[in-house]
Amino acid sequence: MADGQTDVKLKKLMPQPEALRLVPEAMARKYTVIPLELNGSVLRVAMADATDIFAWEALEAHTHKHIQPELASAQNILDAIDFNYQSYEEIQKHISNIASPTLTIEQQLEVDSGSDAPVARAVTSIVDEAVKAGASDIHLQPEREMLRIRYRVDGVLHDTLSVPSQTGNTIISRIKIMANMNIADHHRPQDGQFSIETQGGKSLDVRVAIIPTIHGEMATLRLLDKSRAIMALSDLGFMPESLKTYEKMLKVPHGMILVSGPTGAGKSTTLYASLNSLDLTGRNIITIEDPVEYHFERINQVQVNARAGLTFASGLRSILRLDPDVILVGEIRDAETAKIAIQAALTGHLVLSSIHANDAVSVAFRLVDLGVEPFLVSTALIGIVAQRMVRRICPYCAQPTDVPLLEEMVYSKEIGGYNYPVIEERRQFMYGKGCKSCANTGYQGRIGVFEVLRLSDEVRAMLLTTSSPAKLRTQAINDGMIPLIRDGMLKVKERVTTPSEVMRNTYTVD
């Protein structure tokens, strides 16, 4: 059976709950199998190796059913296991076994100090379930009588479960120990990180931030999958003309390229994909990051360490003495870093970095606000990318849907506006109605929305005369820049996302 066919079989034709209950998750992972359907005394099972006699015998002995095998790839089966086995009951079981709430947190953690202790298992299970759900972050938010646990999936927070406050405090304290934080300090913000291996065998780096609130300590865990492959530029969501413009920008030997957008907009992913598209053999490429999220071959990566005096600014100064060809600065946060990065771009280096701004044009004015002279900005900048992330329509439950008038109007305006006089009116758009495959959200996965500004001579001249952002934006659009919201609506036209999703992430009132 072809892999594509197997995907449909395992994801669209969902395993029956009664079939799943017959085979424990541990057994499914051990033999790389997943039960699909129970028909009387026959259990249909997807197997990576249909000739594995030991798996057959173990399954028949455990289920007391006759096994009907169906061939599938190992990776597809593991993905299906991750998606279909939910262990929230397992988390609750570990939580219920945490030591008595009459003990202090310190006494409780002393009792539960081992890696097999209930509190440690609870934390591991919480992370495991987040990985299965495809979450990028775990939020542990204290309330008056409980700790609420939420997962951020495709940029949106979802409630998962809640635990009593005392138990929640123990879980927070366990996380602080794992992240090498001060467990006795409950009054100051703390940051840390730890590594963990999930039940599915994935190795994760987990960045932890904790801050005290009126109801206790709140923690946010950012999950960084070490095994995740770096995406190619062509896979990020650039429209063909925007991708061509950006690739031309990357071929310029020296100058500065900036990527802007809010937290979680995929800036790091774009920067990493950009580095990966360069000549790694003939160039000395050095990065300075906080933190180093993914590791590269043939790229020298430096981790910011403020306690040791290694900041973006000081690290960048040192990097300039190491004969680099390409420099990636994780983020331009202050005037000092901005000025050093600009000088590096002007002295024969290709500098890539991220910066927070609302759109591509705002980036140039943000640099001026940080104290960089307009003529230096005009000279050093090659181009700017502004980006957002929008959710993809779930392919398994998509259907034509009537939408509110506002969505119709915005779509028609953006498709027919600017230099595109063709008006397109539509009453229906593809929306996911919600199914098990997308956890009833109607969306599955995300894609980037971009506007790419390559500085033309006209734009450079306008920067020197400190023209208004509105005039500069008009010139950029006349030069061929596709605005963020139009880029998003073009993806709506291609049935990739929805008007409401584009408007939620990109729409601003002029």
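Student: Which residues does Pro35 touch, not counting residues up to four places away in sequence?
Tutor: Contact means heavy atoms within 4.5 Å of each other. With sequence neighbours up to four places away set aside, Pro35 touches Pro15, Ala19, Leu20, Val23, Leu43, Arg44, Val45 and Tyr85. This is a predicted model, in which local features need pLDDT of at least 70 and side-chain atom pairs count only at pLDDT 80 or more, while totals for chains, interfaces and linings use all residues. Residues are numbered from 1 along each chain as its sequence is written, and side-chain values use heavy atoms, with hydrogens and water left out.

Student: Is Pro35 buried or exposed?
Tutor: Buried means under 20% relative accessible area, exposed over 50%, and partly exposed in between, with a 1.4 Å probe and protein chains only. Pro35 has 1% relative accessibility, so this residue counts as buried. Between the C-alpha atoms of Pro35 and Leu22 there are 8.0 Å in space, and the two are 13 residues apart in sequence.

Student: In which strand does Pro35 lie?
Tutor: Strands (E, at least two residues) and helices (H or I, at least four) are DSSP runs, numbered from the N terminus. Pro35 lies in strand S1, residues 33-39.

Student: What is the order of the open sheet of three strands?
Tutor: Two strands pair if DSSP finds at least two bridges between them. Here the order is S1-S2-S3, with mixed pairing. S1 and S3 (66-71) are the edge strands with a single partner each, so one side of each has no neighbour in the sheet. Strand S2 (residues 42-47) and S3 run parallel and are joined by six bridges. In S3, Ile67 stands opposite Leu43.

Student: Which helix packs on the sheet, touching S1, S2 and S3?
Tutor: Angles run from 0 to 180 degrees between N-to-C directions, and axes are lines fitted to C-alpha atoms, for helices over the stretch in contact. Helix H4 (residues 53-63) packs on this sheet, in contact with S1, S2 and S3, and its direction makes about 135 degrees with that of S3. Helix H5 (residues 74-84) also packs there, touching S1 and S2, at about 70 degrees to the direction of S1.

Student: What is the order of the seven strands in the other open sheet?
Tutor: The order is S12-S11-S13-S14-S10-S15-S18, and the pairing is mixed. Strands S12 (300-303) and S18 (443-454) stand at the edges with a single partner each, so one side of each is without a neighbour in the sheet. From one strand to the next, the twist averages 20 degrees. Strands S13 (residues 326-329) and S14 (residues 350-355) run parallel, joined by four bridges. Leu352 in S14 is the bridge partner of Leu328.

Student: At what angle do the axes of helices H12 and H13 cross?
Tutor: The axes of H12 (residues 312-319) and H13 (residues 335-346) come within 8 Å and cross at roughly 20 degrees. H12 is therefore roughly parallel to H13; angles under 35 degrees count as roughly parallel, over 145 as roughly antiparallel, 65 to 115 as roughly perpendicular and the rest as oblique. Phe312, Ala313, Leu316 and Arg317 of H12 make the contact with Glu336, Thr337, Ile340 and Ala341 of H13.

Student: Which residues are buried in helix H20?
Tutor: In H20 (residues 499-506), the buried residues are Pro499, Glu501, Val502, Met503 and Thr506. Their cover includes S15, helix H16 (405-416), strand S17 (428-432), S18 and helix H19 (484-493).
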